[in-house]
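Colleague: I have the model open on my screen and would like a friendly tour. Could you take me through it one question at a time?

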Amino acid sequence: MTLSHTITIVLVWLAAVSEAISAATPQLTILHEGVGDILPIGRPAGIQVLIDPGDLTPGTYLLEWETETPDGDTLVKQRAIPLAGQPATAWIYNVVPRGEDSAGRIRVRRQGEAIPLLTSPIGSTAGMTGQLPEGSDLMLVVGSRGFGLESYDAATNPMDPRWSHIDSRVKLLTPDELPDRPEGLSAASTLLWTGDQEVPDPHRESVIQDWMEAGGHLIVSIPDRGRGGRFARTGGSLHALLPDLPEQEALYTSQILQLLSPDQLRITPGTEMTCRPFPATTTGTGPWHTVLNLPDGRPIAIARPVGHGRLTLIGLDLTSPIVQSARSDGAAQGPLPAAATFWNPVLARRGDAPTLRELAAISKIARKSSNLWGTSVQDSQIAWATRRTVAAGSRLSIVILWLGICWLIGGPVLWIVLGRLHRRDLAWPIFAILGGIGGVIGWFAGLVVSLQSPEALHMSIVDKVVGTPESMVRSWIDVRIPGVNTHELSVPAEEGRGMLAPWIPSGQPAIGFADSDTLIADVNRPESLPIKARSTSTSVQLEWIGPLAPDSSLPEIEIVQPVHVSPNGLEGTLRYSGPRPLKNVSVVWIQSRRYPRETSPITWTNAVDSGHMPVVAWSWKLSRPVNPEQEFSLQALKGPQLAQSLADHVQSLKRSSGVHIGTIETATTFEILTLYRLATPPGWQMDPNTVGSQQIHADVHRVFGSQLDLGARLGSPMLLISGFIDDTDLPVPLLLDESPIQATGGLTMLRWILPLPDVSPTVEQWPPRQ
C-alpha cells in the first residue's frame, strides 16, 4: 500500500468519524420567538424550539425558559418533554420581563440534574425589531399577504401623526406557526384568517376560541367556496359559531369599489366578483350585527360577540385577484382593501387613515405653525393605587427613632442629671440598665409593628359581559409576606384560567436583593408563581378568566327594566349592588354605523368632529356616586357625543400633567385606555381656532395597557358602564401555599357590558350636543 493510499484512507476515516460525531451532537434551535416572531414586552409569549437529541440517552428532559425577576431572583419556567432519538418540537411560555435588555435564555437539562445540557439566548430570531412595546397593537394575518392591514404597520408608517395614534405591528404567519396555548396569542388583538388556510388540528381550533373568549378578535374572510372555507371543522367548536352562509352571488365590481377605497378605482368594465351578502341582522333574534353594508343596504360584513371577544365574517374573498387588480385612477395606490373605508369599521378604529393619494393632496396644503401637545398614558396610576410603605422601611424608621431616643436619654440627659446629683460614677451601670429596658421595649415594639401575616394591596379591573358566565379580571398586586422563605403564590384554577407573573412599574429600578434565589415554576400551572419572601413588598400581575364565586362583596349591575332603543333614545332601569358606592360612573352607548365614510379627510377641522368615528356613540358622566342597591334610569341620561367626552378626558389629563395622581386621574386614565382606539383623531386634523394661539391640540399615546382596550368590541352595539369601588377585596382569591390571604384591599374598576340588538342608528342626532 502506497503512502498516498494510506493518507486517503486516513482522511476518509477522519471525515466519517467527524460526520458521526457531528450527527450525534445534541442541538437546540429556536424556531419562533413569540407569535409571528415578535416578543411582547410585559405580556405572555411562547417560544417554539426544535431539539435534536443526538446521542442523548432516551428519557424525560426539562425544557426551561430562564428570566430574572425585579427582585433579582432567577425565575425558571419549565416543562417536561420526552426525548428518544428523534428531533422534537415544543412550545414553552413565560411573561417577557419589563425593563430588561434580555428576555432570558432557553435551556434543556436532564431531569434530576442541575447543569443544563443545551442553552440558547433569546433574541437570535426576534432581535430588537421583533419586540412589541406594551402600548402597541399586534395584528396577525394567516395568509400570504396583509390584505390592507399592513397599512397600519409602524414599519410602513412609523408613528406618522397624520395616520393614527395607535402604534401597530402586523405580522404574517402560517397555521402551523400558531402557538398551542391561548396565552401565546394573548398579546394579539386581531387574527385575520384568509383564503383556504385550514386550522391544523382540533387543539389549535380550541386555542383560537379560548383566545377569542378572552378578548381576541377573529376575522374570517370567506373564500369563494365552502362554509367558511376549510377554516372550521365540521362539528368543531368554531364551526358551531358560524351561521348558515347564504348562497354566492355575482356582483359587478363597481358595486363594492367604495368599500375597497375612498379613491376612484378603475377596473375592467363589466367585471363580476363572487360575494356572499348576509341576511339582515336587524331582526333582533340573533347575536349578529352588521359591520359593513353594500350600497344596496345588504350586509357584507357581520360580527357577533364570543365571550369577551368578537368574531367577524366578511362575505368577500380578500384573496380574490379581482380585489388586487383594482387600481387607483392617476395616482399611487396603497394596499387594498384600504384601511380608510374597509378596515377602520371592521376594527372599530377612529381615524381617517388617508390613502396615498389623499396624503399627497394633504401634503400640498401649507401647514401653519401649531402647538401640538401630547401626553403618555403610563402605569403610574397603578403604582399609586398599590403604593404602600413596606414593612422593612417602617421597622427601619422605628429602629432609627428609638435608637435616637435611647442615645439622647442614656447619653446627654443621663450625664447632665447625674452631674447635678454628683453621682456620675453611676453613669455606666445606669446606662446598662436603661439599655436593657430599651432593648426589651424595642423588642416588644418590633413584635407589634412587624408583619405577622401576608397582606396584599391591589388595583383590579373586572369585566362582566351580560350573558357570559365568565368574568375577566386583571390585577396588579403588591404582596407583603413575612419571613424569608420561598412560597407558592396562586389563584384557584378549578373554574377558570389564570396567569401570575412578576411585575414592576415602568421607570422603577429593580431592587436586586443580594440573597437571590432560583425559583422553579411549572409551565402547565400558569396560575401559580413561586415567590421569595423578604418581609417586604413585591409586585405581581394577574390575568384571570372564569366565573366569579357568588359573593356579596363583588360589584354587580342588574337589569330591573329591560334596556332597549326607542325613538327617544335609550330606555331601561338598572340596579347596582356592591359593598361600597360606585364612583366616577361613566355610561357609553354604542351603535354600529354600517357605512364607511364617503368624503375625503379635511386637514383642518375641529378635534371633536375629525377622525371619522366608526360608530355612533354617546357618553354620560354621572354627577354622583351610585350607592349599593340604588336604581338609576337610562332614560334620564342626557349628554354629549362620545367624541366630545373623550376630548374632555384628554384635556383633563393635560391639566393634571401628571403632577397629582388621585382617584379622578386614575378614573380618567383607565376610561381612556378602555376606549383608546376612539380616543383622539390623527394629529394632522387640528382645530383651526387653536393654531397660532396659546391653546394646544391635545393628543394621547399609551405606553402601557394595550390589553385594557376593548378593541373591536367598541364597534358592536352595546351599553358600557364603568365605575370604581374603593377598599374592595381581590376579585379572585389569592392563595399563599394554598391558604387564602385574608388581608386584601384596593381599588377595583368595574366594566359592565350589555350587548344590544342591532338597530339602524336612527337617533344619530340625539341627544343634542352640549
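Modeller: Happy to, and one term first: two residues are in contact, or touch, when they have heavy atoms within 4.5 Å of each other. This is a predicted model, where local features need pLDDT of at least 70 and side-chain atom pairs count only at pLDDT 80 or more, while totals for chains, interfaces and linings use all residues. Residues are numbered from 1 along each chain as its sequence is written, and side-chain values use heavy atoms, with hydrogens and water left out.

Colleague: Which residues does Leu 548 touch, not counting residues up to four places away in sequence?

Modeller: Leu 548 sits in the loop between β28 and β29; here helices (H or I, at least four residues) and strands (E, at least two) are DSSP runs numbered from the N terminus. Not counting residues up to four places away in sequence, Leu 548 touches Val 462, Lys 464, Ser 471, Val 473, Leu 554, Pro 731 and Val 732.

Colleague: Is Leu 548 buried or exposed, and what is its relative accessible area?

Modeller: The cut-offs are under 20% relative accessible area for buried, over 50% for exposed and partly exposed in between, with a 1.4 Å probe and protein chains only. Leu 548 therefore counts as buried, as its relative accessible area is 16%.

Colleague: How far apart in space are Leu 548 and Pro 733, C-alpha to C-alpha?

Modeller: In sequence, 185 residues separate Leu 548 and Pro 733. In space, C-alpha to C-alpha, the distance between them is 9.8 Å.

Colleague: Among contacts in the protein chain between residues at least 6 apart in sequence, what percentage join residues at least 24 apart?

Modeller: For background, the protein chain holds 11 helices and 38 strands, and 54% of its 770 residues count as buried. Of the contacts between residues at least 6 apart in sequence, the share joining residues at least 24 apart is 77%.

Colleague: Which residue in β33 stands opposite Arg 575?

Modeller: Strand β30 (residues 569–577) runs antiparallel to β33, and four bridges join them. In β33, the residue facing Arg 575 is Glu 631.

Colleague: Which element gives the most to the lining of the largest cavity?

Modeller: On a 1 Å grid over the protein atoms alone, a cavity is a set of points where a 1.4 Å probe fits but cannot get out, a pocket is an open set with protein on both sides within 12 Å along at least five of seven lines, and lining residues have an atom within 4 Å of a point. The largest cavity has 14 lining residues, with Thr 69, Asp 71, Pro 502, Ile 531 and Thr 538 nearest its centre. Two or more residues come from each of β27 (528–532) and β28 (537–546). The element giving the most, with four residues, is β27.

Colleague: And which element gives the most to the lining of the largest pocket?

Modeller: The lining of the largest pocket has 46 residues, and nearest its centre are Pro 182, Ser 186, Trp 211, Ala 214 and Glu 543. Elements that give two or more residues include β10 (137–142), β12 (188–193) and α2 (202–213). With five residues, the element that gives the most is α2.

Key:
Two strands pair if DSSP finds at least two bridges between them.
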